[in-house]
There are 2 protein chains.
Amino acid sequence: MTRPDAPPGAVRQGSLREWNLAVVLGRIAAADRPPSRAELAAGTGLTRATVSAVVEDLLAGRLVREAEPTPRTGAGRPSRGLVLAADGPAGLGLEVNVDYLAACVVDLTGRVRHHTVHRADLRPVSPAEALARLAGLAARARADAARQGLTLVGAALAVPGLVDDAGLVRLAPNLGWRDVPVPALLAGQPPLTARVDGVPPLVVDNEANLAALGELHAGPGVPASFLHISGEVGIGAGIVLDGSLFRGARGWSGEIGHVPVRPEGRPCRCGGQGCLETYAGQEAILAAAGLAGADLPADTATTRLAELAAADDPAASRALADAGTALGIAVAGVVNLLDLDTVVLGGGYAPLTPWLRPPVLAEVSRRVLTAAWSPVTVRPAALGGAAAAVGGAGSVVGRILARPAGWLGRRP
Amino acid sequence: MTRPDAPPGAVRQGSLREWNLAVVLGRIAAADRPPSRAELAAGTGLTRATVSAVVEDLLAGRLVREAEPTPRTGAGRPSRGLVLAADGPAGLGLEVNVDYLAACVVDLTGRVRHHTVHRADLRPVSPAEALARLAGLAARARADAARQGLTLVGAALAVPGLVDDAGLVRLAPNLGWRDVPVPALLAGQPPLTARVDGVPPLVVDNEANLAALGELHAGPGVPASFLHISGEVGIGAGIVLDGSLFRGARGWSGEIGHVPVRPEGRPCRCGGQGCLETYAGQEAILAAAGLAGADLPADTATTRLAELAAADDPAASRALADAGTALGIAVAGVVNLLDLDTVVLGGGYAPLTPWLRPPVLAEVSRRVLTAAWSPVTVRPAALGGAAAAVGGAGSVVGRILARPAGWLGRRP
């Protein structure tokens, strides 16, 4: 949850005060241990007096708080370190996927303070009905956030499809959505607690994009560039390059589910043929493993599949090996094209990583020109299935960290 | 040939004079018509006196010259416009490919002043011998440049393979090169006329990368983001995003030739199977068209193939249709992943575009999720087979434009 540096344009556009607020808050967010005012002055080049004034503003606005005093080690008053506050602004993350709805709240420190997942097959349900149910989840999240003293300042909604700048879902093939005006259908929902300059009330974005952002901020040890693959009924990818999400020329990048892996193979819902989704999507894997008729919720079915594979069940093992091979063919193409060295398996793939990793790596080592001297790492996502909603909520909080002046001047 | 803006760091690192030189030269390079000193002052915010002093330096260094005076339109002295000079520094572009060597010289205005292509199958030849022959071409280019009053300040060498930062060719599968230390083998070659701070004497780079850069600077109408595909014996891609080449996490992006299009298909020289190259590389197309045994040089064979296709020869038409389908499968994957809207067919593909375009577009429209509302354009490269050497020479010239102070302070 650390994008500490304010954009270079800010110093020109905003006032000096805005800039100083962002610089000091960014330092506090990025620090390994709570910095004192003196350390902040030394680290930023600002005067002690300026830092003190800025910190007062941040304390008053519940963006930071003083940490417990460090134990005395010598003479004089112990210095009070500063940390991000966990009782000020928070972000709301929402997700509509093929077989679940989710809502979560993330505070300024990046901690998840509320998380609800509602399992249901949403394909037979109209977009308006699905969004009405989601609004119900959002209302519960809001109430829970308020109970915890948090102020929701913005929401990000993840959908498994292609979204334009106005929040119109152009196409979500696995949901059967086409040209769904999400903001209009959600009008008035989610009613946020405070309006903040620089934080849109609602952003609609692709699920795989938000999941990749969630993973990027999931903690230390995350590389700056990686491919994040969300394996649900559909398969989406988020391409992170140098710490930023690559969205493509028109914002529609990452459709790895429709990369052809068997060009004359199975027909796909998108109208194409042999798309990765038809071989390595959740339904394809469960069908191959003989779990399609079991009518289990997807997460239960995935757990069951992992249990069967762990017990060397032949059908489950073969289903995962075949899906991993298909996934590996697509991943090999991506690595040949983009030269990424880390592949993160997210969503429903995360718990299946032990079985998907070997065939993916086998295809990569067969097919990637640089594989011999530039190994590729395949690892499970830290956030798993929750990543998109958490990433969405985190992106809201990130906007506050990048421009705290907006929050400090908010309208109730 | 216009990267006019000096990097943001320059104002901090260099002196104010260096910055002013770059800003004024950049304005002159980017202008639609020759700007006067007064127009330069108005456009840059510098004083008339500063602009005059900077222009004197640029004139003395043969970086700019005064254009013919504009016809008098009113009272007073006609203003003298300034244009880039064509008799100062120049870049040397070199290329080793599977079946040809090339050398070219590009002047500061972006014009190609020398161009030689030597056709020969270089697979049976050792790397040292191939580079010795290339040094011969370079010497001829240098002599020709000197005759024209040009000063060569740096060279860029294109190879169809993976190159590390030190110029070591890690792997060029179609040439059969592995771990070839090109700078050491070319030591003393090419001896350039002047050493210039900020311009390395020799840069070794991937052929597809330099070809894409050549195309980017080939003239007006080139979009800021595109996929450039060089179709030679091997197939490489340059991915240009927002006017910059995307090199990947480790510099080895763009290996579209090894994207699997028939995963269980033909074996490839790289050790993989079903790589695009084995279906749409030059040799695969010529073999399918029945031209493999003809033992023609590749450009002659391509011309012959185009003639046959134009005359509706069934084998030639089928060979191009099949290659276009394979290419389209790979391109569909790239567009799904990166959301690019322009595909440029370069190298040996350029003259075959009329026959490759329809099957490529057919696969794109079948397989790309956004194709229905976001059309993809497929067009031939402006530079064709010369692109990599021209792009390489242009990249040298680009370094002079970005930092003219290095040239002005050069050591003879």
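## The interface of chain A and chain B

The area buried between chain A and chain B is about 4200 Å², and carbon and sulfur atoms give 61% of that area. The model is a predicted one, and the values below are computed from its atoms. On the side of chain A, the residues A:R250, A:L337 and A:L369 supply 19% of the area buried against chain B, which is more than any other three residues supply. The contact draws on 45 residues from chain A and 45 residues from chain B.

Two copies of a chain are related by a rotation about an axis and a shift along it. Here chain A can be laid on chain B with an RMSD of 0.1 Å, by a turn of 180° and a shift of 0.0 Å along the axis.

Across the same interface, 20 residue pairs are in polar contact, with both residues at pLDDT 80 or more. The side of chain A that touches chain B receives two or more residues from each of β8 (168-172), β12 (235-241), α11 (314-338) and α12 of chain A; of the elements, α11(A) gives the most, with seven residues.

Over all chains, the structure holds two aromatic pairs. A pair of aromatic rings is described by the distance of the centres and the angle of the planes, and these values are listed in the table.

| Aromatic pair | Centre to centre | Angle of the planes |
|---|---|---|
| A:W252 and B:W373 | 5.5 Å | 90° |
| A:W373 and B:W252 | 5.5 Å | 90° |

For A:W252 and B:W373 the planes stand at 90°, which is over 60 degrees, so the pair is edge-to-face. This pair crosses between chains, from A:W252 in the loop between β13 (244-246) and α8 (277-280) of chain A to B:W373 in the loop between α12 (353-367) and β15 (377-380) of chain B. The pair of A:W373 and B:W252 is likewise edge-to-face, and it runs from the loop between α12 (353-367) and β15 (377-380) of chain A to the loop between β13 (244-246) and α8 (277-280) of chain B.

As for accessibility, A:W252 has a relative accessible area of 9% and is buried, and B:W252 is buried with 8%. A:W373, with a relative accessible area of 21%, is partly exposed.

Methods. Residues numbered from 1 in each chain as written. Chains lettered and ligands numbered in written order. Predicted model: local features only at pLDDT ≥ 70, side-chain atom pairs only at ≥ 80, totals over all residues. Heavy atoms only, no water. Phe/Tyr/Trp six-rings, centres within 6.5 Å; stacked < 30°, edge-to-face > 60°. Helix = DSSP H or I, 4+ residues; strand = E, 2+ residues; numbered from the N terminus. Buried < 20%, exposed > 50% of the residue type's maximum accessible area, 1.4 Å probe, protein only. Least-squares fit on C-alpha atoms with pLDDT ≥ 70 in both. Contact = heavy atoms within 4.5 Å. Buried area = accessible area lost by both parts, 1.4 Å probe. Polar contact = N/O pair within 3.5 Å; in protein donor to acceptor, adjacent residues only side chain to side chain.
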